[in-house]
Amino acid sequence: MTDIRVEHDRIGLAQWRQNTTGTLGLVMTMGALHEGHLDLVREARAHCDNVLVTVFVNPLQFGEDEDLDRYPRDLTGDIKKLDAVHADVVFAPSVDVMYPQGKPMVTFNLGAVAADFEGKIRPDHFAGVAEIVTKMFNITRPDVAYFGQKDAQQLAVIRQVVRDLDMPLQISAVPIRRDVDGLALSSRNTYLTEEERASALAMPAALRLGVQEAATSGSAKQVLKVTKDALRAAEGIKIDYIDLVDPMTFQHISEVDGILTGCLIAAIRVGDTRLIDNQLVVLNRN
Ligand code: AMP
């Protein structure tokens, strides 16, 4: 027996929203849910009276040569998982419901936070993310929206949009959920062969070395060097980028004066699959 309410159009969702009292926590996903997504729902459930999860593969955030068509989809399975963690409502609209007039005219120019790394490799990606996030915020009017630390630059971009546009909600970050072997959970992990997965483990392993280096030397330069050396020595992967940045601005950190939290970020390609990962590190030059 399922308790969860599933809505596919705006009218049904609006009716539900109008009748909700208390606080609303929003979790936005592209489906093919795993324990990382469910952690966001659990966090929302722990802190909000109502929990709404969106499942929408947003075409605007995919580049032309990206995996929009083969992106894993399993709404029936997702609904079961969301019911088990006691989400109240799933909003799973079609592309036409979200973009009834086609591609929106009003677009985002996000500036420095989105300029490098994912923003450079996937030029329209963050504008597409900002678009769908803004629309979902306006449609659902949450008190708190939960995002994974896994997509660290996305989190920084969304925080910037919310700050710059005075959006009346709180953004809450949820730690990265990893598999037992250390690989960050991702819907895209299903693309990996066993061999590719073994190669991909070099990324979390290198990031862990960076975390250890931060704990011993606290030096930004050393942390980045140790991580780079480890990842560059790995076989079977191509490195898109690896850097140490401020988690709020996504600008490179060269050295610190005092104590600062940095975000050690990496992106790799294994076969046809792109994977990203990161670790927060405490840099201390006292
Ligand atoms: P996606 O469906 O990949 O767009 O992800 C939806 C949300 O889940 C985003 O806020 C992601 O950052 C978050 N998320 C994805 N993977 C993980 C993970 N392994 N741990 C924590 N959060 C995650």
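An oxygen atom of the ligand is found 2.6 Å from an N or O atom in the side chain of Asp 151. Taken alone, the ligand exposes 480 Å², and the protein buries 92% of that; such areas come from the Shrake-Rupley method with a 1.4 Å probe, and for residues only the protein chains shown count as cover.

The model is predicted: local features need pLDDT of at least 70 and side-chain atom pairs count only at pLDDT 80 or more, while totals for chains, interfaces and linings use all residues. Residues are numbered from 1 along each chain as its sequence is written, and side-chain values use heavy atoms, with hydrogens and water left out.

**Surroundings of the ligand**

The ligand is surrounded by 17 residues, of which Met 30, Gly 148, Asp 151, Arg 177 and Leu 185 are the closest; a residue is near a molecule if one of its heavy atoms lies within 4 Å of it. The shell divides into 8 nonpolar, 6 polar and 3 charged residues. Here Ala, Val, Leu, Ile, Met, Phe, Trp, Tyr, Cys and Pro count as nonpolar, Asp, Glu, Lys and Arg as charged, and the others, Gly among them, as polar. The table lists distances from an oxygen atom of the ligand to an N or O atom of a residue.

| Residue | Part of the residue | Distance |
|---|---|---|
| Asp 151 | side chain | 2.6 Å |
| Gly 148 | backbone | 2.9 Å |
| His 37 | side chain | 3.0 Å |

Strand E2 (24-29), helix H2 (35-47) and strand E5 (144-148) each supply at least two residues of this shell. The most, 3 residues, come from H2. Helices (H or I, at least four residues) and strands (E, at least two) are DSSP runs, numbered from the N terminus.

E2 is largely enclosed by the rest of the structure, because 6 of its 6 residues are buried; buried means under 20% relative accessible area, exposed over 50%, and partly exposed in between (1.4 Å probe, protein chains only). Leu 24, Leu 26 and Met 28 point one way from the strand, and Gly 25, Val 27 and Thr 29 point the other way.

E2 pairs in the parallel sense with strand E3 (residues 50-55) over 6 bridges, and Leu 26 stands opposite Leu 52 in E3. From E2 the chain crosses through H2 to E3, a β-α-β crossover that is right-handed: with the strands pointing away from the viewer, the path from the first strand over the helix to the second runs clockwise. E2 also pairs in the parallel sense with E5, over 3 bridges, where Val 27 stands opposite Tyr 146. Two strands pair if DSSP finds at least two bridges between them.

**Strands E7, E8 and E9**

Strand E7 (residues 238-245) and strand E8 (residues 259-270) run antiparallel and are joined by 7 bridges, with Lys 238 opposite Arg 269 in E8. E8 pairs with E9 in the antiparallel sense over 12 bridges, and Val 270 stands opposite Thr 273 in E9. The hairpin of E8 and E9 has 2 residues between the strands, and Gly 271 takes a positive phi near 60° there.

Val 282 has its place in strand E9 (residues 273-284) and is partly exposed, with a relative accessible area of 49%. The C-alpha atoms of Val 282 and Met 28 are separated by 29 Å, the two residues being 254 residues apart along the chain.

Key
Polar contact = N/O pair within 3.5 Å; in protein donor to acceptor, adjacent residues only side chain to side chain.
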